[in-house]
Amino acid sequence: MIFAIEEINNSTELLPGIKLGYQIHDSCASVPVAVHVAFQLSNGLDPVFYTGDNCSQSGMVKAVVGESGSTPTISISRIIGPFNIPQVSHFATCACLSDKQQYPSFFRTIPSDQFQADALAKLVKHFGWTWIGAVRSDSDYGNNGMASFLDAAHREGICVEYSESFYRTHPRSRIQRVADVIRRSTALVVVAFVALGDIRILLEELSLEPSPPRQWIGSEAWVTDTKLLRFSFCAGAIGFGIERSVIPGLRDFLLDLSPSKAAASPVLTEFWEDAFNCRLGKSAAKDERLCDGTEDIKTLQSPYTDTSQLRITNMVYKAVYAIAHAIHKAVCQETNSTTQCDKFTRIESKEVLTQLKKVNFSRNGYDVSFDANGDPVARYELVNWQKSESGSIKLVTVGHYDASLPVGQKFKVNRNITWVDGGTQVRSTKAKM
């Protein structure tokens, strides 16, 4: 988000002469924290008192990027919606958010789960799995996503042996019960519409007492997360993930981090100290060492420096640019092939909301626009967990889904898929659906 804003602030084409400001809050995936911040943003509670005429400061924010989860997103939207503050989410996929009666100011750069549920049902049917199990997060994301999938599965003639729900804060006995249902079931295929924080807990429970091999079908929230690849019994998992992307300049931006820059941010301080096992500051405990300035982030191998799996990251990037384009339309005039922007214009959030509905641009080869429900065109990669020769599991893109294409051409499988069956079986298909 910061990278995108700095890129925009240095642009001579988008909002020339105007600098975007921002606040970043961590909800910690907590609805009460998200609600608190939503009220704060709506009220314009700002610790800095602005004087002078260098900023068109006016109480409430003009737009919000977020949230990641559907449940906190719903909570935020209900608060800021009545104030006509637009909200653009990068990772809230619940189909319920497409309801403009309830969420009139909501947009997203990630597809609605309605498309994913239909695609997953077609995937299961295509490979001949008619007897399956289903697990979901006990949340707006999991419950709505699974309900859509089960409806689609029923239309495809797929039978469901069990449908279990759980949440990461449930007692361990609840997680154990779900794990036991999976172990004892006769269904060899498990469709998991589960959030990342929840699936990790379930897989950890399953790893304590391995079950017979199961073919996992994953939703986008977890199937492309590289931190889960350590669960080797999930080798062969397959599911739809957000398209992988390239954001020029982002890696250099991330690597331009010195100890002094890290020390200026509590979040980056925590990251730096954990990455290099030292303390940033003037004091350290007896069993700790002080960072001495020789730490080099360019030598670090971590998710922070890995820009090979930019999926949700690109959704954030597109959300920021969508808002910037909407503001541009509200405050800038195109005359004689030149752009004039009035940085002293006091725009209302409702104007940004109106312009967001009309946004249509391309950035780094990716189109950004919203339909009448605030949704983008649904595009996914079909991702398969495949074992490499070294025994490690890697993510391999084996197909694509594009909802904008005609029926029969939306879904294509174009590479070998490795299944869980024996851990080695490979099928080759040129499927089109």
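Leaving aside neighbours within four places in sequence, R244 is in contact with S308, Q309, L310, R311, Y366 and E381, where contact means heavy atoms within 4.5 Å. This is a predicted model, in which local features need pLDDT of at least 70 and side-chain atom pairs count only at pLDDT 80 or more, while totals for chains, interfaces and linings use all residues. Residues are numbered from 1 along each chain as its sequence is written, and side-chain values use heavy atoms, with hydrogens and water left out.

R244 itself sits in the loop between β8 and α8; helices (H or I, at least four residues) and strands (E, at least two) are DSSP runs, numbered from the N terminus. With a relative accessible area of 38%, R244 is partly exposed. On the scale used here, buried means under 20% relative accessible area, exposed over 50%, and partly exposed in between (1.4 Å probe, protein chains only).

As for the overall layout, the protein splits into domain 1 (113-245 + 377-422) and domain 2 (248-306), with bounds that come from an automatic or database domain assignment. The C-alpha centres of domain 1 and domain 2 are 35 Å apart.

Next comes the pairing of α2 and α3. Helix α2 (residues 31-43) packs against helix α3 (residues 70-80) at an angle of about 25°, and their axes are 9 Å apart. Axes here are lines fitted to C-alpha atoms, for helices over the stretch in contact, and angles run from 0 to 180 degrees between N-to-C directions. The two helices, α2 and α3, are therefore roughly parallel to each other; angles under 35 degrees count as roughly parallel, over 145 as roughly antiparallel, 65 to 115 as roughly perpendicular and the rest as oblique. The crossing of α2 and α3 is right-handed, a label given if the near helix is turned clockwise from the far one by less than a right angle, and left-handed if anticlockwise. On the α2 side, V31, A34, V35, A38, F39 and S42 do the touching, and they meet T71, P72, S75, I76, I79 and I80 in α3. Sorted by class, the residues of this contact come out as nine nonpolar, three polar and no charged. In that sorting, Ala, Val, Leu, Ile, Met, Phe, Trp, Tyr, Cys and Pro count as nonpolar, Asp, Glu, Lys and Arg as charged, and the others, Gly among them, as polar.

How much of α3 is hidden from view? Nine of its eleven residues are buried, so α3 is largely enclosed by the rest of the structure. The buried ones are S70, P72, T73, I74, S75, I76, S77, I79 and I80. Their cover includes α2, β1 (64-65), β2 (87-89), β3 (106-108) and α5 (140-155). Helix α1 has buried residues too, namely F3, A4, I5, I8 and N9, and what covers them includes α8 (250-255) and α11 (312-331).

From α6, the contact takes in R172, I175, Q176, V178, A179, I182 and R183, and from α7 it takes in I201, L202, E205, L206 and L208. By class, that contact has eight nonpolar, one polar and three charged residues.

L228 belongs to the loop between β7 (215-218) and β8 (238-242), and with a relative accessible area of 2% L228 is buried. Not counting residues up to four places away in sequence, L228 touches L196, I199, R200, W222 and W385. The C-alpha atoms of L228 and L196 are separated by 9.0 Å, with the two residues 32 apart along the chain.

Most residues other than glycine have a negative phi, and most peptide bonds are trans. C28 has a positive phi of about 55° although it is not a glycine; C28 is in the loop between α1 (2-9) and α2 and is exposed, at 58% relative accessible area. N336 also has a positive phi, near 50°. Its place is the loop between β9 (332-335) and β10 (338-341), and at 74% relative accessibility N336 counts as exposed. The peptide bond from G66 to E67 is cis, with omega near 5°, and E67 is found in the loop between β1 and α3.
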